[in-house]
Amino acid sequence: MTLPAWSQASRPTLGRDPLGLQATSVRVYRDLVPGLTNVTNRLRYYSFYCWVVHHYELTVFADDEARWRVFIRRAEALYALTSLLVDAQNAGGLAGSEWAAGYLKNHQKGRINLRDYTDRPDEAGQYLAARRGNFGQFYVRSMTDVGLLQPSVSIPVVSRPRGKEMAESFAASAGARVVKLIADTLSRGRLEFEEAKIIGEALNPAAIDEHSTEMRHLRDFLLANVPDTMDGTARRSTAWLLLDLLRKGVSLDDQNAIRRAFYHRLLPNDERYERTGEIIDRWRIYQANELCHVALEVWLNAIVLKLETYPAGATPAGVITDLLSETFESGKLKGTFRDWINGIPTDAAHEEQAAQTVMRSLWDRNKTIDHPVLRAAGTLLAILWSRWSDGDGGVREQLRIYAGDGASLANALSSFDAKADDGLQEALASVLQEHIVDTHLTIAARKLAATGKFTYRFMLSDGVLTEGRHTDYDFTNPRLGNLVRFLFDAKLCRGGKLTAAGRKFLDENQPA
């Protein structure tokens, strides 16, 4: 790979994917939970927003962007404020919650004037900074993708029949009196505290009647019981797997246990999780790529910190060779890369131990350059090559498809293939330089050219690295937490256990 001969500072920013592997992980999990994002936080927003959009269409009769912005912002602030007023414990994830909590701390009676906090989005003191609200920033794309909204470049419109039916089901659940109170508030921009309590009792995102038409429509969306504009089968299968793990005693709050079940097919008691299929295999592909990116990012941070010890900078090969010599005892660097692999335990327990050591260093930058941490990162890369280089489970092939021209574990595996019979130090140095230094400089140069953003973690000039910039890294957020909250909102589970509806769903379905 050709390295840029020079690079110059422009607008520094914290690029969160300096090696490009997280972009591949994102493509994988988008296919696994289609229609959800990292900020679609409550299931009832889908029915509430359908009602707000439909009510605007029926009553305002204006294709006026400024008027729509005020309307949707008042609706969101009203939802957050009234829900927190009656049941703050179950109102998490609502846009404007921080503002609502602060308001309620200082106000307990009288008139609530929403206009002061919603109608001037460019001023300070508003419930939310986003001009088009939480809906315009985060939900409109998701709701259009799953067929609840019609595609639109201007004022949103619900789809027919699904979006309209969802809107009507929300109105039926809330009741005529509450709907009128909401409509009057959106029109006037104000309400009384007693009215807010009435609205909050009906609107709280945890207060959906399990036997209502609204709940049926929301479950149909969540579990892909009706055709989406996009195929929701993977979302249903992932929901099934999560509920199946809950049935087997895995807490849905335990992200590590969920990863372990999906990746190693092991439950917390080390019992085998005997599920197979396309979706759980794809979650394993996602996690394998994640382990590669965190292992490489440990070494990226180590290179950055090591640069501080060279007053005039150093060549990439020089920095990496010095780090390898310091990290591994001289006797450990003898033999080929393949010989080293043959002497490393590659079972699940050792892979997990290496991954845990790596993750602790990413959360504590003081440990980044510790020799045990770097050895663990190198060991993790070696285990990944040993486990997935032969194409087992389709990991390599599928990652090539998802990565396209981008970076992924599949690229790193190919590099190790080419160096497997070279000396260990030479093989590690070559792969680390290619997938950290070369790849990062190429990605940063593209971002600078395309967006003007300066995301370099180090500079390269005349073959010498300088100006290292250290930052924190972590696993990507695969939206499983959002899906788990939706499962609770849909009352498929409660208090860490399956409900009757959850058991029925498991019994009547199988994951793809």
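**Figure 1. Cysteines in the predicted model: a count of zero disulfides.** The structure shown is a predicted model. The disulfide count comes to zero. A disulfide is a covalent bond between the sulfur atoms of two cysteines. C50 has a relative accessible area of 0%, so it is classed as buried, the cut-off being under 20%. C493 is buried too, at 1% relative accessibility.

**Figure 2. The largest cavity and its lining.** One cavity of 30 Å³ or more is found. The largest cavity holds about 40 Å³ of space. Its lining consists of L19, L21, C292, L296, A407, S408, A412, H435 and T439. Two helices, α13 (278-306) and α20 (424-451), each contribute at least two of the lining residues. By class, six residues of this lining are nonpolar and three are polar. No charged residue takes part in the lining of the largest cavity.

**Figure 3. Helix α22 and its buried face.** Helix α22 spans residues 500-508, and its buried residues are A501, G502, F505 and L506. Viewed down the axis of α22, these residues fall within an arc of 140°, so they line one face of the helix. An α-helix has 3.6 residues a turn, so residues three or four places apart point the same way. On the face of α22 turned away from the buried side sit the exposed residues A500, D507 and E508. The cover over the buried residues of α22 includes helices α10 (213-222) and α11 (233-247), together with strand β8 (497-498).

**Figure 4. The largest pocket, with a lining of 41 residues.** Of its 41 lining residues, L252, D253, Q255, N256 and I258 lie nearest the centre. Two or more lining residues come from each of α12 (255-263), α13, α16 (348-363), α21 (480-489) and β7 (493-494). Helix α12 gives the largest share, eight residues. The lining of the largest pocket divides into 18 nonpolar, twelve polar and eleven charged residues.

**Figure 5. The second largest pocket, with a lining of 16 residues.** The volume of the second largest pocket is about 400 Å³. Among its 16 lining residues, I344, P372, R375, A376 and T379 lie nearest the centre. Helices α16 and α17 (371-388) each supply at least two residues of this lining. The largest share, five residues, belongs to α17. By class, the lining of the second largest pocket has eight nonpolar, five polar and three charged residues.

**Figure 6. A cis peptide bond at R160 to P161.** The peptide bond from R160 to P161 is cis, and its omega is near 5°. P161 sits in the loop between α6 (133-145) and α7 (162-174). Most residues other than glycine have a negative phi, and most peptide bonds are trans.

**Figure 7. Positive phi at D462 and at R479.** D462 is not a glycine, yet has a positive phi of about 55°. D462 lies in the loop that joins β5 (459-461) and β6 (464-466). With a relative accessible area of 74%, D462 is exposed. R479, also not a glycine, has a positive phi of about 70°. R479 is placed in the loop between β6 and α21. At 10% relative accessibility, R479 is buried, whereas D462 is exposed.

Terms used: Residues numbered from 1 in each chain as written. Predicted model: local features only at pLDDT ≥ 70, side-chain atom pairs only at ≥ 80, totals over all residues. Heavy atoms only, no water. Disulfide = S-S within 2.5 Å. Buried < 20%, exposed > 50% of the residue type's maximum accessible area, 1.4 Å probe, protein only. 1 Å grid on protein atoms, 1.4 Å probe; cavity = no way out; pocket = protein on both sides within 12 Å on 5 of 7 lines; lining within 4 Å. Points joined across faces, edges and corners; volume = space filled by probe spheres on them. Helix = DSSP H or I, 4+ residues; strand = E, 2+ residues; numbered from the N terminus. Nonpolar A, V, L, I, M, F, W, Y, C, P; charged D, E, K, R; others polar. Arc of directions from axis to C-beta. Contact = heavy atoms within 4.5 Å.
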